[in-house]
Amino acid sequence: MIHIDRNQVATPVILSKIVRDGKTETELAIEHYTNWDGTKQYSFSRYKHDDVKDALETLFDGKCAYCESNFHHVAPEDIEHWRPKGAVILEDGTERKPAYYWLAASWDNLLPSCIHCNRRQRQEDVRNSDNAQSGKKNFFPVVNEANRWTHHTQANRNGEEPLILDPCTDQPEQFLNINDDAVVNEKVPVGTLENRRARASIDVYGLNRKALVDERKKQRDLVVALIDTIRLYTLQLPVLPAGPVRDATRDQLLKKLSELKKHQAKDSPYLLMKAPMIDEFIQGIGPELQNLGVVP
């Protein structure tokens, strides 16, 4: 998970369009739940519109907002409500209905998610065997249940403090890091609120599910192999005599640098892991490359 500036993409107009009787979907939902009898849930549809889907794909470059996997070309995309719309699991494990119904068509509450991060299912967690199930679904843990935002009229969100990270309002890079085994860990000390938020996010989204860790490890190995090759060419180039071999080595160095740069592109998966690796390497080897007349 990395920070994404939501302002890069305009709010889809469809979310605020009139549905009927001169009212938006949000206004109709509020009206529905104002005198709700506890039976029929409001049927939301605006968030499912193709314009919303396309905007989220553009904003997140076709990646899951939580695990950063490229998935849209091989699996369905869930348009995820960060604050759940229909029901929410409380701290004691009970379910409260409705949930944050007034945010169902709110652009700031919508994220693209892969099915594994969004749907609750059994997943093997490589770091925490107690976390037998992961996937956000209706989970939205907060710091203090007494301050949960439960009604659209409450001012200042009732003082609610979410425990899980939102990639568009938080800076996940300040809370999380990924070790050499491609496992996500808390970046901040135990006992702090930041640590609690990091741990809750890792567990709820399932950021250490085995299949995901394995895929991150493959990507890490690719980056490490490129770094090792670039380092080797950088050592070889200064001692090679002018001629075809030196020219070919320089060409290969440029090619590998270009490949490494692609791993820093916005649409590249797992930037939380790869970006620091590449930045540290380029910063260290940059002067040598410049001496060789190569711009990293």
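Predicted model: local features only at pLDDT ≥ 70, side-chain atom pairs only at ≥ 80, totals over all residues.
The protein chain has 296 residues, of which 46% are buried. Its secondary structure comes to seven helices and 10 strands. Taken along the principal axes, the box filled by the C-alpha atoms is roughly 85 × 45 × 35 Å. Among contacts between residues at least 6 apart in sequence, 64% join residues at least 24 apart.

Two packed helices are described by the angle between their axes and the distance between the axes. In this model, helix H5 (residues 210-236) packs against helix H6 (residues 244-262) at an angle of about 150°, and the two axes are 9 Å apart. H5 is therefore roughly antiparallel to H6, since angles over 145 degrees count as such. The crossing of these two helices is left-handed. On the H5 side, the contact is made by Val 223, Leu 226, Ile 227, Thr 229, Ile 230, Tyr 233, Thr 234 and Gln 236. On the H6 side, the residues are Thr 249, Gln 252, Leu 253, Lys 256, Leu 257, Glu 259 and Leu 260. By class, the contact of H5 with H6 consists of eight nonpolar, five polar and two charged residues.

H5 also packs with helix H7 (residues 271-291); their axes come within 11 Å and cross at roughly 0°. H5 is therefore roughly parallel to H7, because angles under 35 degrees count as roughly parallel. H5 contributes Arg 216, Gln 219, Arg 220, Val 223, Val 224, Ile 227, Ile 230, Arg 231 and Thr 234 to this contact. From H7 come Met 273, Lys 274, Met 277, Ile 278, Phe 281, Ile 285, Glu 288 and Leu 289. The residues of the contact of H5 with H7 divide into 10 nonpolar, two polar and five charged. Val 223, Ile 227, Ile 230 and Thr 234 of H5 take part in the contact with H6 and also in the contact with H7.

Most residues other than glycine have a negative phi, and most peptide bonds are trans. Several places in the backbone depart from this pattern. A cis peptide bond, with omega of about -10°, joins Lys 97 and Pro 98. Pro 98 is located in the loop between strand E5 (95-96) and strand E6 (110-113). Asp 61 has a positive phi, near 55°. This residue is found in the loop between helix H2 (50-59) and strand E3 (78-81), and with a relative accessible area of 24% Asp 61 is partly exposed. For Lys 137, phi is likewise positive, near 45°. Lys 137 lies in the loop between strand E8 (133-134) and strand E9 (176-178); its relative accessible area is 48%, and Lys 137 is partly exposed.

Cys 64 is in no disulfide, and the nearest cysteine sulfur, that of Cys 67, is 3.8 Å away. Cys 64 counts as buried, at 2% relative accessibility. For Cys 117, the closest cysteine sulfur is in Cys 114, at 3.7 Å, which is too far for a bond. Cys 117 is buried as well, with a relative accessible area of 0%.

Conventions: Residues numbered from 1 in each chain as written. Heavy atoms only, no water. Axes fitted to C-alpha atoms, helices over the stretch in contact; angles between N-to-C directions. Helix = DSSP H or I, 4+ residues; strand = E, 2+ residues; numbered from the N terminus. Parallel < 35°, antiparallel > 145°, perpendicular 65-115°, else oblique. Left-handed = near helix turned anticlockwise from the far one by under 90°. Contact = heavy atoms within 4.5 Å. Nonpolar A, V, L, I, M, F, W, Y, C, P; charged D, E, K, R; others polar. Disulfide = S-S within 2.5 Å. Buried < 20%, exposed > 50% of the residue type's maximum accessible area, 1.4 Å probe, protein only.
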